Amino acid sequence: MVKAKTPRRTLDSYAVKHINKIIKAGDCVLMRPADQSKPQYVSRIERIEADARGGNVKVHVRWYYRPEESIGGRRQFHGSKELFLSDHYDVQSADTIEGKCTVHSFKSYTKLDAVGNDDFFCRFEYNSSTGAFNPDRVAVYCKCEMPYNPDDLMVQCEGCSDWFHPACIEMTAEEAKRLDHFFCESCSSEGQKKLQNSHAASRHSDTKVFLLHCCPSSFFR
């Protein structure tokens, strides 16, 4: 005899008593990893459901991956608080939730006055099967032509508006912080300034980009 499946109902919200927080669909949460030596997992709650009595609460989640968990691994331009919104969906017990967090857009994150322990940012969606990113390219800056890492100090040229790492222009971080004005090597001469001004439109339309490629690797939750 086949046992009838217990009906479940969707909850608008749920009070996670052991952290004294109320969660709802759309919230980002920190979840307990199976291996306690690893950092907490980060996910976005898609749906909350419980049995007919309101018990056995499960959360349907969409996982965020850290760069080191992706195919290709962590790159130089990845920020320490950077996450990728993956296509990996799962169902977990609400008991594994250890806290709430905020995953900001890249633009919002760079405008924070202070970054807390529970602040993260996301600028890419990630296909966990193929290792593909969306978007698959990102603007680059500086002489090193690398994407922007919000953890790194950069100075902006008042001529071309490009950003530079102090080390790439033979400057210490302390020297960079004391700058009132800065012109890069290409904009430092009067001739180059005039050339830059006369071709400003074409200069800005030729934005260089970094293509995101994959390398063999694997990761499983």
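A pocket is an open set of grid points with protein on both sides within 12 Å along at least five of seven lines, and its lining residues have an atom within 4 Å of a point. In this predicted model, the second largest pocket is lined by Phe 106, Arg 123, Val 138, Ala 139, Tyr 141, Pro 147, Tyr 148, Asp 152, Met 154 and Trp 163. The protein has 221 residues, of which 38% are buried, and its secondary structure comes to four helices and 14 strands.

**Confidence and overall fold**

- The average pLDDT of the protein is 86, and 83% of the residues score at least 70.
- Residues 191-196 stay under 50 in pLDDT, and the model gives this stretch eight contacts beyond four places in sequence.
- Residues 198-205 also have a pLDDT below 50, with four contacts beyond near neighbours in sequence.
- Of the contacts between residues at least 6 apart in sequence, 58% join residues at least 24 apart.

**Second largest pocket**

- The space in the second largest pocket is about 250 Å³.
- Its lining has eight nonpolar residues, two charged residues and no polar residues.
- Arg 123 and Asp 152 are among the lining residues, and both count as charged because Asp, Glu, Lys and Arg make up that class.

**Salt bridges**

- Nine salt bridges are found in the whole structure.
- Glu 49 and Arg 8 form one of them, with their closest N and O atoms 2.9 Å apart.
- This pair links distant parts of the chain: Glu 49 is in strand E5 (residues 41-51) and Arg 8 is in strand E1 (residues 8-11), 41 residues apart.
- Glu 49 is buried at a relative accessible area of 14%, whereas Arg 8 is partly exposed at 32%.
- Arg 62 pairs with Glu 125 in another salt bridge, where the closest N and O atoms are 3.7 Å apart.
- Because Arg 62 lies in strand E6 (residues 58-65) and Glu 125 in strand E9 (residues 119-126), the pair ties together parts that are 63 residues apart in sequence.
- Arg 62 is buried, with a relative accessible area of 12%, and Glu 125 is partly exposed at 39% relative accessibility.
- Arg 74 and Glu 68 meet through their side chains in a salt bridge of 2.9 Å, N to O.
- Arg 74 has a relative accessible area of 37% and is partly exposed; Glu 68 is also partly exposed, at 44% relative accessibility.

**Backbone features in loops**

- The peptide bond between Asn 134 and Pro 135 is cis, with omega about 0 degrees.
- Pro 135 sits in the loop between strand E10 (133-134) and strand E11 (137-139).
- Glu 145 is not a glycine, yet it has a positive phi of about 55 degrees.
- The loop that holds Glu 145 runs between E11 and strand E12 (155-156), and Glu 145 is partly exposed there, with a relative accessible area of 38%.
- Glu 170, another residue other than glycine, has a positive phi near 55 degrees.
- Glu 170 is in the loop between strand E13 (163-164) and helix H2 (173-177).
- At 78% relative accessibility, Glu 170 counts as exposed because the cut-off for that class is over 50%.

Definitions and conventions: Residues numbered from 1 in each chain as written. Predicted model: local features only at pLDDT ≥ 70, side-chain atom pairs only at ≥ 80, totals over all residues. Heavy atoms only, no water. 1 Å grid on protein atoms, 1.4 Å probe; cavity = no way out; pocket = protein on both sides within 12 Å on 5 of 7 lines; lining within 4 Å. Points joined across faces, edges and corners; volume = space filled by probe spheres on them. pLDDT = per-residue confidence, 0-100. Contact = heavy atoms within 4.5 Å. Salt bridge = Lys/Arg side-chain N within 4 Å of Asp/Glu carboxyl O. Helix = DSSP H or I, 4+ residues; strand = E, 2+ residues; numbered from the N terminus. Buried < 20%, exposed > 50% of the residue type's maximum accessible area, 1.4 Å probe, protein only.
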